Amino acid sequence: MAAPLLTSATRHFVADVYLSFVFWTVLTSLGLCIWYFPLWHMGISGYEVALFSDMAPALLGLPVVRKTLRRHKWVCAAVGLAGIAGYCVQSPGGRLLAVSVGTAGVTTGLLSSLYEDTVAETGRLDQTIQAWEAGLVASVVVRMWFRTNNPAWLVMDARNGGWNRTAVALGVLALADVLTRRSDADAEAEAAKKSDARVRHDANSGRANWVPAAFGLGGLLFVLHSLFSDSAIVGRWSWDGYPNTGPAPVPWGVLVVAALAGGFAVGHHVDVTTGFAWWAIGSAGAAAVTTTSGWPGFTGGLVLGAYAASVTRAVLRVQARCAPGRTFAVAMLWYNVLVLAHVWVVAYEFVPGGPLLRERTWVVMLASMASLLAGVRAARGSVGRGSANAYAVPVLRADRQRARRVLTVAAVAGLGAMMWRLPAATQRPVPHHGEQRLVTAAIWTVHFDLDNDMWLAEDRIMQAVRDLEADVMGFLESDTERIIMGGRDWTQRVGEELGYYVDYGPSPRKHTWGCAMISKFPIVNSTHHLLPSPVGELACAIHATLDVYGRAVDVIVSHNGQRENALDRRLQTTELARIMRESPNPMIFAGYVVTTPHARNYKILYRGGRIHDVDPTDSDRWCQYIGYRGLKRTGYARVSRGTITDTEIQVAKFVVPPADEHENAEAWAPSYTRVDEAAYAPEYHFPTVFRGKGVRGHFYHVFDEPRYYN
């Protein structure tokens, strides 16, 4: 008789892999949902307590909880599905509650399995670990296909590209598979009977030192989550200015998948992976990705990824030999401490004790690697104890082969995603009105692509960019490559689908909230500046030189500090003025200055930078400003924010003179005489879609219509 195409063992493994995918989906969306609340409160909101929902595994210290979950594994799987089923709840608070419940379920389910799957004869512990590893790789690959978003997150639904119903349906099928299996207690008894072994209802007799094991688990979870839950994170951490930016997320993100898959594949060689020399190699990679840019930093990240993946099996296996309640409580508490520290390094102005970790990502990385060292040393002393019997050996071998096949398929799928996206990622953008030598420049503070109702907003951001016909646009508060922002890169989608060159701006390891730029014109050179910030949050700027119709034109995108820090704002504005003053090229400035028109910092910027205000009569401004020199400004408009953020869009149109005309950019004085729209041909007009009530909440406001100038 022919062997069945899908054996029960394979079906169970596939179901476990999908539930592990749910684990990573829920865990990566928890921080993103929490972030919404302090973002709108401009400080600690109280909702941050939801972070500690992942400490539910501390309940495993109660024998009754362990016994119940041991016989009814479906309970945690069902609770975990709340973390993807809550998308139908409209209120942000309701979805945060759903993802918190889901987090409690998925973390308790995983750690319960690690403790209870301790009978060497059955091989269940290795099955659990391999499925969890494959679930991470599957999650990364899915996000590659969806341009760094996870379609099952609670911040997505059918309106912005979510596949939530499909994700829930697959989750129900996986849950049904778990429900139809025999309980672990029954499986253990049968395995013991076959091997003539004694049934053990507690951890194996060989105990491990639970304290280093707990710190190792917390450190491992943090490293995998913070740097390897998406293929673009390492690339953006090593990102630098043009022309030597380092590896782009497409196609080089596939190497992240390869590093993870390769590390997981060799994880059974615990004698090597738990050694000090192997940890030193991983630490060298961690140092490189933390301190260097470009290919050296990216390569270091790959080394760290391969190392973290390779020690996963040892670090997880040793948990089975530790008392569950205190071990898992400390492990998840330490993971949460690292997550908070990961935030503190950039949010230091808004949190208690912030200055202690100000701009000290290296401290967080050092603590993570020290934790991993503690974990692998604890594993080295205990994981090798005991041996599998004759029943277990073929089971373990078959499980290992099955896991490798899944990892291989996932890696090939990741490569397929990169090849599918490569043409769009490498296309040559075309300006909207090249015949008129027109440049439409805009600035927008997008609040980390998270809208007023806690939904991802990039679909509507792209619609606004498309409608504006922007050729160059700056985005502020744009860095989303941290745990609390979901570890994603929404600028990839903007660049690929709308056809732009993208400069992500200062990398996440530079400790800013981010400023990014998209351009229809080739970026010849760009420098990422960290502006003077002795008191408050670190301000950032991009100084780019673009090839605009054959002429070098400089663009500056910047985000200055808060109103409360007058010294910071003055120093930052002075530095921006110096950068602009020293450039001989025509200039466009689009930034967040935090000043009233004609006040001190305004004068420092415009007079000191030798640029002109797009409209000095516009007195109703505070944050965003546009300036220029050496170009003919034809129009200026202000477009309301819609429901995406708390800040409007400012946009201006310029004509770039030929290189042999007005060579002295500073000598070209602007005209502020306003004219009717009819004075210009239609190609120079602002879009009519924003007139009146506008579209999607965007409309011309303040002066209700665009302004045109002679």
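**Labels and their cut-offs**

Visitor: Why is Glu497 called partly exposed?

Guide: Its relative accessible area is 36%. Buried means under 20%, exposed means over 50%, and partly exposed is what falls in between (1.4 Å probe, protein chains only). Residues are numbered from 1 along each chain as its sequence is written, and side-chain values use heavy atoms, with hydrogens and water left out.

Visitor: How do you know that Glu497 forms a salt bridge with Arg147?

Guide: The label asks for a side-chain nitrogen of Lys or Arg within 4 Å of a carboxyl oxygen of Asp or Glu. For Glu497 and Arg147 the closest N and O atoms are 3.3 Å apart, so the pair qualifies. Glu497 belongs to helix α20 (residues 490-498) and Arg147 to the loop between α6 (124-145) and α7, so parts 350 residues apart in sequence are tied together. Helices (H or I, at least four residues) and strands (E, at least two) are DSSP runs, numbered from the N terminus. Arg147 itself has a relative accessible area of 13%, and that makes it buried.

Visitor: What makes Asp177 and Arg11 a salt bridge, and which parts does the pair tie together?

Guide: The closest N and O atoms are 2.9 Å apart. Asp177 is in helix α7 (residues 164-180) and Arg11 is in helix α1 (residues 8-41), so the link spans parts 166 residues apart in sequence. The two ends carry their own labels: Asp177 is buried at 6%, while Arg11 is partly exposed at 35%.

Visitor: What about Asp615 and Arg707, buried or exposed?

Guide: Both are buried. Their side chains meet in a salt bridge at 2.8 Å, N to O. Asp615 lies in the loop between β9 (612-613) and β10 (624-629) and Arg707 in strand β14 (residues 707-709), so parts 92 residues apart in sequence are joined. Elsewhere, salt bridges that share partners connect Arg147, Arg421, Glu458, Asp459, Arg493, Glu496 and Glu497 in one network. The structure holds 27 salt bridges.

Visitor: Why are β3 and β13 said to stand at the edges?

Guide: The eight-stranded open sheet has the order β3-β4-β2-β1-β12-β11-β14-β13, with mixed pairing. β3 (501-503) and β13 (674-675) each have a single partner strand, so one side of each lacks a neighbour in the sheet.

Visitor: How do you know that β1 and β12 pair?

Guide: Two strands pair if DSSP finds at least two bridges between them. β1 (residues 438-445) and β12 (residues 649-655) have seven, in the antiparallel sense, so they pass. Trp444 stands opposite Ile649 in β12. In the six-stranded open sheet, ordered β5-β6-β7-β8-β10-β9, eight bridges join β5 to β6 (residues 539-548), which run antiparallel. There, Thr527 has His543 in β6 as its bridge partner.

Visitor: What makes Gly305 buried, and which residues does Gly305 touch?

Guide: Its relative accessible area is 0%, so the buried label applies. Gly305 lies in helix α15 (residues 294-319) and touches Phe228, Ala259 and Leu260, leaving aside residues up to four places away in sequence. Contact means heavy atoms within 4.5 Å.

Visitor: Why do the buried residues of α2 count as lining one face?

Guide: In α2 (residues 63-71), Arg66, Leu69 and Arg70 are buried. Down the axis, the buried residues fall within an arc of 105 degrees, so they line one face; the arc is that of the directions from the helix axis to the C-beta atoms. Val64 and Lys67, on the other side of α2, are exposed.

Visitor: Where does the pLDDT stay under 50?

Guide: Residues 196-205 are one such stretch, though the model has 22 contacts there beyond four places in sequence. pLDDT is the predictor's confidence in each residue, from 0 to 100. Residues 385-391 are also below 50, with 14 contacts beyond near neighbours in sequence. Where pLDDT is low, the predicted coordinates should not be read in detail. The protein averages a pLDDT of 91, and 92% of the residues score at least 70.

Terms used. This is a predicted model: local features need pLDDT of at least 70, side-chain atom pairs count only at pLDDT 80 or more; totals for chains, interfaces and linings use all residues.
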